[in-house]
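Colleague: I am new to this structure. Could you take me through some of its helices and a few individual residues?

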Amino acid sequence: MIMDCTPYVGKCVCGREHTLETKKVAVEYGALSNFEQYMREVGLEGLRRTVIYDSNIYALTEGKHVRADQEIVLPADGLRSEDVLIEDMMKKLDHPEVLVAFGAGTIMDFGRYPAYKLGLPFVAVPTLASSDGFTANICSVIIDGQKKSIPMKAPTLVVADLDIIKGAPKRLVVSGVNDILSKYISLADWKIAKIAADEYYCPMVADLSLEALHIMRQAADKMAETGEIDVEAMTMAQMKSGLTMQLLNHSRAASGAEHLIAHLVEMKPPRFENAAGIHGECVGVGTFLCVRKYHEIARKTPKAKPFEPLSSDWVMEKFGPRLYDGIMKENKDDVLGTFDPQNIVDHWKDICEVIAEIPSAEEMEHLYRSIGAKYRPEDIGIAPSLSDEILPISAAIRNRLTLVRMLRVLDFG
């Protein structure tokens, strides 16, 4: 399947003009056999090419590598998206005119980060569909020890060969399912922010994210009932979701309160040192916690509380001295202080209608169990006794208006 990106570009009903760096997305069996043709069609033929792999993917895909003027094979052990590691790799680049990242999510950041810094086109060759970052222009990188989502380069071309992707371990497949099912929360958070604080909202982009969610939910239900993995549908859902980040130039439609748990796990503040899991697994835990919490508070009627900035004592206690400065800086201009909390209470009925569109905790738990997904804190090494603290602590990692963050200015008695 070749995705046509043109319908999403141009003047939108939201009043903005959307653009996309991605010209072509090929999701096909045997797609790599047409790689040079696709490069020609997007105007990247004949450019000096550096192809970046990790050592595991390089070995596993022997015989399917694309032509390169330079190959960089990074050690897979300990490889992570961190500014120091990526910039160290950049010193090895031999005057490329186009970068090709061949691998999974981490390797994509080793492509899009230097492509952005050097002003080069970037091509993505995903080897699994475990997250929606392949068509995104957002790079989630550890900078000075803190996980940051920053604008970077989107791929001009994505070539997803299903013959390779179908060989991914089930754990990674399920992680990809979790990453897209999280849109139940991220879309709800975005709608609620529009209702409570009149945040910018694009219905076209929201619909695209919802389309990705519906495709993935249908594939997940099939997997739960029959065990069949619809790799084409699952991969296409990831690609569509990633495009929303390009269209908005941020991750609002794809990442809400549920995604911050993944950042929490990577940052490892006090009491969370043993937390571990791949991105989608952590997001699955965050999604389930949010689903349960959102339905719980929808049964209550809140009162507004005055906004108070996060206290330095609370930040030091929850994040420790290593992360303290970064968290304080992130929350300096707290989005909660930009509108009247009474707006939330006045529109509580509308907010509850948004929450009602989210499947119940029971439905989600049944689905997670049926596909073998991780969704409980203990599944990713977090003590169950910390369950009630995960959401408020993780909400402080990013200054984004989510329903979890709004709980700081709500009193449920």
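This is a predicted model: local features need pLDDT of at least 70, side-chain atom pairs count only at pLDDT 80 or more; totals for chains, interfaces and linings use all residues.

Colleague: Let us begin with α4. How many residues does helix α4 have, and how far does it reach?

Modeller: Helix α4 covers residues 105-118, which is 14 residues. From its first C-alpha to its last it reaches 20 Å, close to the 20 Å expected at 1.5 Å a residue.

Colleague: Which residues of α4 are buried?

Modeller: The buried residues are Ile107, Met108, Asp109, Phe110, Gly111, Arg112, Tyr113, Pro114 and Ala115.

Colleague: And what do the buried residues of α4 pack against?

Modeller: They pack against the strands β5 (49-54), β6 (70-74), β7 (98-103), β8 (122-126) and β9 (138-143), and against helix α3 (83-90).

Colleague: What comes just after α4?

Modeller: Gly119 follows, with a positive phi of about 70°.

Colleague: Is Asp198 buried or exposed?

Modeller: Asp198 has a relative accessible area of 57%, so it counts as exposed. Arg271, at 39%, is partly exposed.

Colleague: Let us turn to helix packing. At what angle do α7 and α14 cross?

Modeller: Helix α7 (residues 183-197) and helix α14 (residues 348-356) cross at roughly 170°, and their axes come within 10 Å. Angles over 145 degrees count as roughly antiparallel, so α7 is roughly antiparallel to α14.

Colleague: Which residues meet there?

Modeller: On the α7 side they are Ala188, Lys191, Ile192 and Ile195, and on the α14 side Asp350, Ile351, Val354 and Ile355.

Colleague: What about α8 and α15: how far apart are their axes?

Modeller: The axes of α8 (residues 203-226) and α15 (residues 361-371) are 8 Å apart, and the helices pack at an angle of about 60°. The two helices are therefore oblique to each other. Arg217, Ala220, Asp221, Met223 and Ala224 of α8 make the contact with Glu363, Leu367, Ser370 and Ile371 of α15.

Colleague: Is that crossing of α8 and α15 left-handed or right-handed?

Modeller: The crossing of α8 and α15 is left-handed.

Colleague: And how do α10 and α11 pack?

Modeller: Helix α10 (residues 260-267) packs on helix α11 (residues 279-298) at an angle of about 125°, with the axes 7 Å apart. That angle makes α10 oblique to α11. The crossing of α10 and α11 is right-handed. Ile261, Ala262 and Val265 of α10 meet His279, Cys282, Val283 and Gly286 of α11.

Colleague: Now for individual residues. What does Ser394 contact?

Modeller: Ser394 lies in helix α16 (residues 387-395). Leaving aside neighbours within four places in sequence, Ser394 is in contact with Leu260, Ile261 and Leu264. The side chain of Ser394 also reaches the backbone oxygen of Leu391 at 3.1 Å.

Colleague: Why does Ser394 count as buried?

Modeller: Buried means under 20% relative accessible area, and Ser394 counts as buried because its relative accessibility is 1%.

Colleague: Which helix holds Ala206?

Modeller: Ala206 lies in α8 and is buried, with a relative accessible area of 4%. Beyond neighbours within four places in sequence, Ala206 is in contact with Leu187, Trp190 and Tyr201. Ala206 and Leu187 are 19 residues apart in sequence, and 7.0 Å apart in space from C-alpha to C-alpha.

Colleague: Last one: what polar contact does the side chain of Arg405 make?

Modeller: The side chain of Arg405 makes a polar contact with the side chain of Asn331, at 2.4 Å. It also reaches the backbone oxygen of Ala395 at 2.7 Å.

Colleague: Where does Arg405 lie, and what else does Arg405 touch?

Modeller: Arg405 lies in helix α17 (residues 403-406) and counts as buried at 1% relative accessibility. Not counting residues up to four places away in sequence, Arg405 touches several residues, among them Asp334, Val335, Leu336, Arg398 and Asn399. Arg405 and Val335 are 70 residues apart in sequence, with 9.2 Å between their C-alpha atoms.

Terms used:
Residues are numbered from 1 along each chain as its sequence is written. Side-chain values use heavy atoms; hydrogens and water are left out. Helices (H or I, at least four residues) and strands (E, at least two) are DSSP runs, numbered from the N terminus. The expected span of a helix is 1.5 Å times one less than its number of residues. Buried means under 20% relative accessible area, exposed over 50%, partly exposed in between (1.4 Å probe, protein chains only). Contact means heavy atoms within 4.5 Å. A polar contact is a pair of N or O atoms within 3.5 Å; within protein, one must be able to donate a hydrogen and the other to accept it, and residues adjacent in sequence count only if both atoms are side-chain atoms. Axes are lines fitted to C-alpha atoms, for helices over the stretch in contact, and angles run from 0 to 180 degrees between N-to-C directions. Angles under 35 degrees count as roughly parallel, over 145 as roughly antiparallel, 65 to 115 as roughly perpendicular and the rest as oblique. A crossing is left-handed if the near helix is turned anticlockwise from the far one by less than a right angle, and right-handed if clockwise.
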